[in-house]
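Let's take a friendly walk through a structure together. Have the sequence and the 3D view ready, and turn the view as you read.

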Amino acid sequence: MTASMPVALSLLGCATLLSLSVVAAIVGRSRVGTPLVYWASFGLSFGLCANAAFALLHPGLAEPLVLPLGLPWIGAHFRIDALAAFFLVVTNFGGAAASFYAIGYGRHEKSPGRVLPFFAAFLAAMNLVLLSDDAFTFLLSWEFMSLMSWALVMAHHRSPDNARAGYVYLLMASLGTFALLLTFGLLSGSVGGYGFDAIRANRAAAPYATLVLVLTLVGAGSKAGLVPLHAWLPLAHPAAPSHVSAIMSGVMTKVAIYAFVRIAFDLIGPPEWWWGLLVLIVGGATALLGVLYALFEADMKRVLAYSTVENIGFIFVGLGLSLAFAGGRFAVAAMVAFTAALFHVFNHALFKSLLFFGSGAVQDATGERDMEKLGGLIHRMPTTAVAMLGGAAAISALPPFNGFASEWMTFQAVLLSPQLPQWGLKLVVPAVGALLALSVALAAACFVRFYGIVFLSRPRSIAASTASETDAFSRTVMLALAFLCLLAGILPGYILDAMTPVTQGLFGGHLPRQSSIAWLSLVPIAKARSSYNGLLVFLFVIAAAAMAATAVHRFASRAFRRAPIWDCGCPEASPLAQYSAGSFSQPIRRVFGTLLFGAREEVEMPPPGALGPARLSVRLNDVIWNTLYLPVAEGVRVATDRLNVLQFLTIRSYLSLVFAALVVLLLVIALWR
Amino acid sequence: MALIRDLLVQSAEMILVLALSPFVTGLIRKVKARLVRRVGPPLIQPYRELVRLLRKEVVLADNASWLFRAAPYLVFATTWVAAALVPTFAVGLLFSWSADLIAIVALLGSARFFLALAGMDVGTSFGGIGASREVMIASLAEPAMIMIIFSLALLAGSTQLSTIAAYMLSPHVGLRVTLAMALVALIMVGIAENARIPVDNPATHLELTMVHEAMVLEYSGRHLALIELSAALKLLLYLSLIACVFVPWGLAPPGATWSAYTLGAASYVAKLTAGAAALAVFETAIAKMRVFRVPSFLGAALMLGLLGTLFLFVSRGGL
């Protein structure tokens, strides 16, 4: 077996996925073809995932492979090192889960011809981004990924909301790619070495390196959804079909994180300490703002999209901590923070896919995405409700689920901050820790609201009260993901151990092996410090609940009787009088919304004696959209209006313009030299 | 042999917290009654109430789901496990390393998550208002608690409660501004988390300012008994936490003799009594605040925690 075998196999898989998308364009219109294509993409993604897992566990097999494609004097370089392998595992696992889900879910698709071909190509594109080992291939795959996902966002293009989402997405994706283009331009320097090896050898000088980091934050951050570049994400992710939303939120944002890690941790070279500060502040702000947006949103899938923004912020806080520690040469602390961030990458891919699958099932069963029209689905869709409860508990960082394990690791990394010598970091890291704790607590509130309004309480519409359970494929994959969320939470040590090649490659060391610690505890630093054991906590809770249930049923009463709702003696007849999504978040809106969003409640009371209804209207002001995006859009509009005159000139004027431009450019070059 | 002994001590602690928690509730009620010159119920009244509720049948709303029936057991189990992981009369128990302070707080978060969901299950406005306010309060109390943990952990070098208690007993603690701030913040968080006056009133049932009681309004019989017991356990947990971190004297070290354990247990009961009496005096002396004043109250706790953490750097010139 040669050392470039995993990468060759991966490329073969990508090529098959691409040809599958061609096949899908042909057979996609038939009812039989759709499940077949999804079966095929499931098999391929699964194979790619297994291949990547093999590569992750055998870091010796990281030889590059050069294909004579692309620019003739460069060729296309591909390589799977441990970092790429880890992200390939996450990506292809998400892809396999979404494909399996879509075997059932895709049957309800009205226009499969607009989804199928792009779906397979999108999966291939994400793989290619992770496989590429030179700037040219990377950017090409990145743009291909953006375009394929854009096509999927536009799958239901008749709806004006989707068209707008697609437009905003395309603009932001162009901005991101542009920033990355400049990044790689700066990285490769005047020599023009576009291979990642050449970039590593040619370390950028200090002012350029800083510029590279900022540009990477813009380029990768806009794709990942960092505030304030997140504006497209809550529009575009929900617009796509649910299995694609799951991939975009759970996986594509991770590809963006890979881009950031690859550039900031690998290609730039040794970091400056204050880079971490920058990333920490941006990440903390993203986490808090993301979850607040999610709390004020009533569209089910947009809540999930905003929660993705929050989780991305969480991951960037981990990465920022790691950069800060690495800048101060604290390798162990940097590894703890980095491992925590990667662990959260994995966990978020699991539970966000699950939550999007569940909301897709709900949307399919009721035709509604508006939480205010749902409710009581735990009775109508019992299996979906169980799986979604697992997902909601995991994303709310409740022990013993996996979300808590990565949150715990991140907090342990925050607690290492006194090592840092810089005062700026010493003061900012605890503050960011507070932001993180706040956003985690708010995320729990957000998912109590999400689950309570959608699955519990009484149905708020006829569609919700007549919904039926989703198909067997969707249920299987949702239950499997919920189980994996629990498993990753109670046995986190094995996943952390699998990441040791990644830290070995980037930091030249690794954390102590977690799976050999007694009782499978999580002890990231040393025995004297903190430990957490998800397995024991899980067993204790189960045992305590079982003991309580047995004792109560054995020795006390087991009698129960059904009766009408009590509600202090006067229950409201109409289900519309229940607490709604809007009213549930009202206290939080009053606490946080007035300051950050200018939330205002207005009550219009009818005059005394009139029979008209009283109205309560809530206005939220999206500060970022209004202060950042609207002025830019307005500026572009004004500029294009002004430049419009240029469209109607004579040929002589055009020629003189061209001549003048040429002269100016030549002058600039002459002066530059 | 040592393992069996450790197991015994650990089980003794689990049973102790369970058995003592209604006593603490009863004690607070008694002291509060005496302070306003009433006779008050006997100390064993909470036990009687639990037994009475356990014997009664459960009346379930027609549309209550399985989650509504499972939630009391889950809430009870998570709270009990969390309470048993806080050192009460001894440190370094067999399983004390399986969860640190962050995990204990998160376990309480799990309990609240399920209770808030159960409050929303039947679809009444009381359940909704209770759940909505509970998560609002928690969304501020939890970060405040995390900041307290940060300042304690930065001092003691660990988030493990046994280590923190050992550090507080060691001679190089001294009087610190940070510790004072953490203590005040911890008391504030404890009051909010346990739905005590001035944040919430555990004695009322039908008042629009209520939070916790509104959320559990639909519960009856054995389910209600479990929820009341979990509330009592949570109060005991916070009292033990304050006692363990700020008054750690008397805690038996790992592998101590039986007499040390007895001494630890006696001092623990004394600390609980003092804490309960202090809480009763505080509650009698203060009025309930409006629900939208609670964020400022908890915001102050959060700021105290954060300031305490930052003070550590200032006072020590960087650990």
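Predicted model: local features only at pLDDT ≥ 70, side-chain atom pairs only at ≥ 80, totals over all residues.

Chain A contains 26 helices and five strands. Its radius of gyration is 26 Å, close to the 26 Å that the globule rule gives for 673 residues, so chain A is as compact as a globular protein of that length. Along the principal axes, the C-alpha atoms of chain A fill a box of roughly 90 × 70 × 60 Å.

Chain B has 11 helices and one strand. If you follow chain B along its sequence, the pattern reads α-α-β-α-α-α-α-α-α-α-α-α. A compact globule with 319 residues would have a radius of gyration near 20 Å, and chain B agrees, with 20 Å. The box filled by the C-alpha atoms of chain B, again along the principal axes, is roughly 60 × 50 × 45 Å.

## Where the chains meet

β3(A) is linked by four bridges to strand β1 (residues 58–61) of chain B, and the two strands run parallel. To find one of these partners in your view, pick A:Ala563: its bridge partner in β1(B) is B:Ala61.

## How helices pack

Two packed helices are described by the angle between their axes and the distance between the axes.

| Helix pair | Axis distance | Crossing angle |
|---|---|---|
| α3(B) and α9(B) | within 9 Å | roughly 20 degrees |
| α9(B) and α10(B) | 10 Å | about 115 degrees |
| α13(A) and α21(A) | within 11 Å | roughly 135 degrees |

Start with helix α3 (residues 66–85) and helix α9 (residues 221–246) of chain B, whose axes cross at roughly 20 degrees. α3(B) and α9(B) are therefore roughly parallel to each other. The crossing of α3(B) past α9(B) is left-handed. Residues of α3(B) in this contact include B:Pro72, B:Phe76 and B:Trp80, while those of α9(B) include B:His223, B:Leu226 and B:Leu233. By class, the contact of α3(B) with α9(B) has 13 nonpolar, three polar and one charged residues.

α9(B) also packs against helix α10 (residues 258–285) of chain B. This crossing of α9(B) and α10(B) is right-handed. B:Leu239, B:Ile242 and B:Ala243 of α9(B) meet B:Lys271, B:Leu272, B:Gly275 and B:Ala276 of α10(B). Five nonpolar, one polar and one charged residues make up the contact of α9(B) with α10(B).

Now switch to chain A, where the axes of α13(A) and helix α21 (residues 500–507) cross at roughly 135 degrees. That makes α13(A) oblique to α21(A). The crossing of α13(A) and α21(A) is right-handed. Among the residues in contact are A:Phe338 and A:Leu342 of α13(A), together with A:Val502 and A:Phe507 of α21(A). The contact of α13(A) with α21(A) divides into seven nonpolar, two polar and no charged residues.

Most residues other than glycine have a negative phi, and most peptide bonds are trans. Where can you look for exceptions in chain A? The peptide bond from A:Val227 to A:Pro228 is cis, with omega near 5 degrees. You will find A:Pro228 in the loop between α8 (206–224) and α9 (233–239) of chain A. The bond from A:Pro399 to A:Pro400 is also cis, with omega near 5 degrees. A:Pro400 sits in the loop between α15 (382–395) and α16 of chain A.

Finally, look at A:Arg329, a residue other than glycine with a positive phi, near 60 degrees. A:Arg329 belongs to the loop between α12 (300–327) and α13 (331–366) of chain A.

Definitions and conventions: Residues numbered from 1 in each chain as written. Chains lettered and ligands numbered in written order. Axes fitted to C-alpha atoms, helices over the stretch in contact; angles between N-to-C directions. Parallel < 35°, antiparallel > 145°, perpendicular 65-115°, else oblique. Left-handed = near helix turned anticlockwise from the far one by under 90°. Contact = placed C-beta atoms within 7 Å. Nonpolar A, V, L, I, M, F, W, Y, C, P; charged D, E, K, R; others polar. Pairing = 2+ DSSP bridges. Rg over C-alpha atoms; globule rule 2.2 N^0.38 Å.
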